[in-house]
Amino acid sequence: MSERRIGWVLFAVLVSLLLLLSFEAPSGGLGDNWIEGTMLRVVAPVAHSVAALSGSARGAADSIATHDDLVKENRALRREVERLELDLLRMSHLEGELERLGTALDYSRAASGRLQVADIVYADHSSWLRSLILYTGDQQVEINQPVVSDRGLVGRVIEVVPGYAKVQLVTDRSAGVGAMIQRTRRQGLVRSGPDGLTVDFVPQQADVQPGDRVVTSGIDGIYPRGLPLGRIASVDKSGGSLFLDIRVEPAVDFGFLDQVYLLSRRPVPNL
């Protein structure tokens, strides 16, 4: 390149620098600089759009992160709810077991005896010989040992083999239980007939009312006194007999039994 051409290039660069310096110098306000105004009008919308897109991107990222956190928290809460429901189920089952044991233990305290839990493996509710077969394991079981539930008297042991015992229910036609009306202490005999349980040998003049509680009297030598047998369902004085016709609603619903308690007590000493 010749020296003349280099000189013209340097002159053009110098003029350009001077023009730029003159344009950048303020001359009375922002509106007087037309280049700066043009740049502002062009660049500002672009910058605003870029800022909006950046904000949207950050908002979307935050939303995704928040959604993931909520999903994780929701899953954790669901697991916690499931665990609490299982705990509540276990507690309800334990509460029922404790209530049953607590009620049954009242019999043990009243009779000064001890309770042994036994599972029912077979129940005969249809034949004349109403009975249960119990799995007793290695527990010591005796003939005529009373059997109770959390609601009342179930029956007595009539047969024992290693690991098992047969129980005669109070609803068996051949069973009989010494009983009394708890309110008046009037005694009788609870037996099972075609119409269910009855209290026999209670005289016509006795004070017996529907709803009265019937418990064991302890005079039969098998069952201790005070075990619930049921409540008086009806009293009929029109039979022409010396005794009342008394129907009893059993305290125990035998169709719901799955476990029973063998009641051990000290025998009455011989005279």
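What is the volume of the second largest pocket? In this predicted model, that pocket has a volume of about 160 Å³. Ten residues line the second largest pocket, and Asp150, Arg151, Asp253, Phe256 and Leu257 are the ones closest to its centre. If you sort the lining by residue type, you get three nonpolar, two polar and five charged residues. As for how such spaces are found, rolling a probe the size of a water molecule over the atoms shows where empty space is left.

Now let us step back and look at the whole chain. The protein has 271 residues, of which 29% count as buried.

Strands of a sheet pair through backbone hydrogen bonds, either parallel or antiparallel. Let us begin with strand β5, which covers residues 163–169. β5 is mostly covered, since five of its seven residues are buried. One of its partners is β2, and the two pair in the antiparallel sense over six bridges. To find one of these contacts on your screen, look for Ser131, whose bridge partner in β5 is Gln168. Strand β4 (residues 153–161) pairs with β5 too, also in the antiparallel sense and over six bridges. Here you can look for Val157, which has Val167 as its bridge partner in β5. β4 and β5 form a hairpin, with one residue between them.

Six strands make a closed barrel, in the order β6-β7-β8-β11-β10-β9, with antiparallel pairing. From one strand to the next, the twist averages 45°. In which sense do β6 and β9 pair, parallel or antiparallel? Strand β6 (residues 176–181) pairs with β9 in the antiparallel sense, over three bridges. A contact to look for is the one between Met180 and its bridge partner in β9, Val215.

Let us finish with the aromatic rings. The structure holds two aromatic pairs. In one of them, the ring centres of Tyr135 and Tyr164 are 5.5 Å apart and the planes stand at 65°. Why is this pair called edge-to-face? Planes over 60 degrees apart count as edge-to-face, and the 65° between Tyr135 and Tyr164 therefore puts the pair in that class. Tyr135 sits in strand β2 (residues 131–137) and Tyr164 in strand β5, so the pair ties together parts that are 29 residues apart in sequence. Tyr135 is partly exposed, with a relative accessible area of 43%, and Tyr164 is partly exposed as well, at 37%.

The other pair is made by Phe201 and Phe243, whose ring centres lie 5.7 Å apart with planes at 90°, so this pair is edge-to-face too. These two residues belong to loops: Phe201 lies between β8 (196–200) and β9 (213–216), and Phe243 lies between β10 (228–236) and β11 (245–250). Phe201 and Phe243 therefore tie together parts that are 42 residues apart in sequence. Phe201 counts as partly exposed, at 45% relative accessibility, and Phe243 is partly exposed with a relative accessible area of 35%.

Conventions
Residues numbered from 1 in each chain as written. Predicted model: local features only at pLDDT ≥ 70, side-chain atom pairs only at ≥ 80, totals over all residues. Heavy atoms only, no water. 1 Å grid on protein atoms, 1.4 Å probe; cavity = no way out; pocket = protein on both sides within 12 Å on 5 of 7 lines; lining within 4 Å. Points joined across faces, edges and corners; volume = space filled by probe spheres on them. Nonpolar A, V, L, I, M, F, W, Y, C, P; charged D, E, K, R; others polar. Phe/Tyr/Trp six-rings, centres within 6.5 Å; stacked < 30°, edge-to-face > 60°. Helix = DSSP H or I, 4+ residues; strand = E, 2+ residues; numbered from the N terminus. Buried < 20%, exposed > 50% of the residue type's maximum accessible area, 1.4 Å probe, protein only. Pairing = 2+ DSSP bridges. Axes fitted to C-alpha atoms, helices over the stretch in contact; angles between N-to-C directions.
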